[in-house]
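Morning, everyone. Please have the viewer open. I'll keep this short.

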Amino acid sequence: MTKLLLRRLLSALPSLVGVIIVTFILTRLLPGDPAAYFAGPTATPDSIAQVRHQLGLDRSAFEQFVTYVEQLAHGDLGNSLTSGQPVLSDLVARLPASLELTLCALVMATLSGVGLGVGAALQPGGVVDWICGMVSALGQAMPTFFLGLLLVFVFYFLAGWAPAPLGRLDISYSTPSDITGFWLVDTLLEGDLEAFGGVVRQLILPVVTLGLFGIGPIARMARASMIEVLNSEFVRTARAAGLPRWKVLWVYAFRPILMPVLNTVGMVFSFMLGANVLVEKVFGWPGIGAYAVDSVLASDFAPIQGFVLLMAALYVVINLLIDVLGVLLDPRVKFDG
Amino acid sequence: MVERVTSPPAGRRVNPRTAGAAAIGLLLVLGAALGPVLVPFDPVGTDTSASLNPPSWVHWFGTDQLGRDIFSRAIAATQIDLLTAVLAVAASLLIGSLLGALAGWRGGWVDAVVSRVLDTIMAFPLFVLAVGIAAALGNSVFSVVLATAVVNLPFYARQVRAEVNRRRNAGYVEAARLAGIGPVTIVAAHIMPNLLPPLMVQSSLNMGWAILNAAGLSFIGLGIRPPQPEWGIMVADGASYIISGEWWVFTFPGLILMLAVLGFAFVGDALRDRLDPRRA
């Protein structure tokens, strides 16, 4: 078991190396002269040459890559021109907001996806199956940012049920102290139920926006695997043995569909990390996605590079976790590199 | 050398979804080809006396903050949105097929290198990598096309690689080889035709995604620049007016964008039913 995990950890290394190479190449694609770019609009030829030397742009690509890796190893992702802060501390400060949003959306998509999928499998062609198909089609075609704006318009402007789409908590509440960075947890730890309610209200719309298009793939996978399992011999045997219906379904039939569903959840998570960028912009969410968008608008490249790197690293870690969970769920699974 | 020929059963009823998809597809192509000529107003012409007018008989979809006619802009945007998506999908189909065929046919270290590169692209969340590429390349239609094409590349390349690899030693390939036909011709004329149906299905399903990707990039301010009419930019413009109740600015471009994506998804589904019945 430990050996398996170690092997899987090692197999994630090439992905990480690839990710670092790609982000390095991306900086070298910057249009024009990066030295002139980093020196700013008021630069003289002298100061550009100085910046070029500072950035090491007068050295060979390989030397520059080595420096880049060294800086990464020291956690140095450069400085943001906009905030004046090191990119790493900016990202770390904003990461919990993004994670809270994404994880809530993932949980919502997984629960409703599995529920819909299993419901559809029990009665193919039935009402739940129809809803399942509709939600899938909608989630596939609906642009995330458009759905977010539509929800804001209906539930904030027309109905007045939702709070203004401006961040994690309305200013009328006291901001929780950063214990975990997850405000759902922090407000509870402080015993501030009112603020907790405020955080929940603020989360609902962005979570639905981000979660909706994850429901489709999860529901389709749950439906297909469940139909297959329900037709299998062990389920027939369990039924013939007179086991109660719920036990056949949720104990015996449910376990084999966990693996394929888990893999789909991993894929959905990757989509969500991307869609996060759009959802955070729509809801004024102070996470790393919005940070990347602001940097795009300010043509500030170091934060974008740090953002891409962090997201890819997160994704590699999540894939690792999912594989580990897979082994725990199904001891027959062997890693194949 | 085609392995199977599937013809639809005679007298089969046309699926309403397929008909709807065909209608949307036709409208899109018409909009892209003739839109800029047909629309009632200049898509970039501003008129400050008519800013933020609600939908009316004159301005069907209303006007935006600069008094531009949203209907005209939404139709004119078809051209750029469709063009970026078609170019991006064509590029990933072409380059992906070439890489995949090379890796699948040659095997060995070529295969290892190509597979590693593809794995690396797949290690990124797709939209995040697209943002990184588009940000690095600067604001142009080209950078959106390239960003969309690169993140899509692995899907085509992996499929072609697996299929070419599987057929490398098939009987008809051996026969062609014995007949003295060169490897390029074998791959291009004997193996690839078998892969066309699934690749066509893939491209069509991919088109909707490519449109979403391009619109998403311009929504956050990457790629295509205003005042060029583009669905993502138009929705972004409208976002600021939701709180004051000018709903039409973001709604109509968003709906048309959604319709376009839905159309391609349905065309893809219909194509799959026809061409690739094994996976339907």
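What percentage of the 337 residues of chain A count as buried? The figure is 37%. Buried means 20 or more other C-beta atoms within 10 Å of a residue's own, with C-beta atoms placed from the backbone; 12 or fewer is exposed, and in between is partly exposed.

Some ground rules. This is a predicted model: local features need pLDDT of at least 70, side-chain atom pairs count only at pLDDT 80 or more, and totals for chains, interfaces and linings use all residues. Residues are numbered from 1 along each chain as its sequence is written, while chains are lettered from A and ligands numbered from 1 in the order in which they are written.

Now the fold. Chain A has 14 helices and 0 strands; helices are DSSP runs of H or I, at least four residues, strands are E runs of at least two, and numbering starts at the N terminus. The C-alpha box is roughly 85 × 55 × 40 Å along the principal axes. Take contacts in chain A with a separation of 6 or more: 70% join residues 24 or more positions apart. A contact is two C-beta atoms, placed from the backbone, within 7 Å.

Next, the interface. 38 residues of chain A contact 38 of chain B. On chain A's side, H12(A) gives the largest share, 8 residues. By class, that side has 32 nonpolar, 5 polar and 1 charged residues. Nonpolar here is Ala, Val, Leu, Ile, Met, Phe, Trp, Tyr, Cys and Pro; charged is Asp, Glu, Lys and Arg; the others, Gly among them, are polar.

Last, A:Ile218. Leaving out residues up to four places away in sequence, its partners include A:Ala109, A:Val114, A:Val261 and A:Val268. Thanks.
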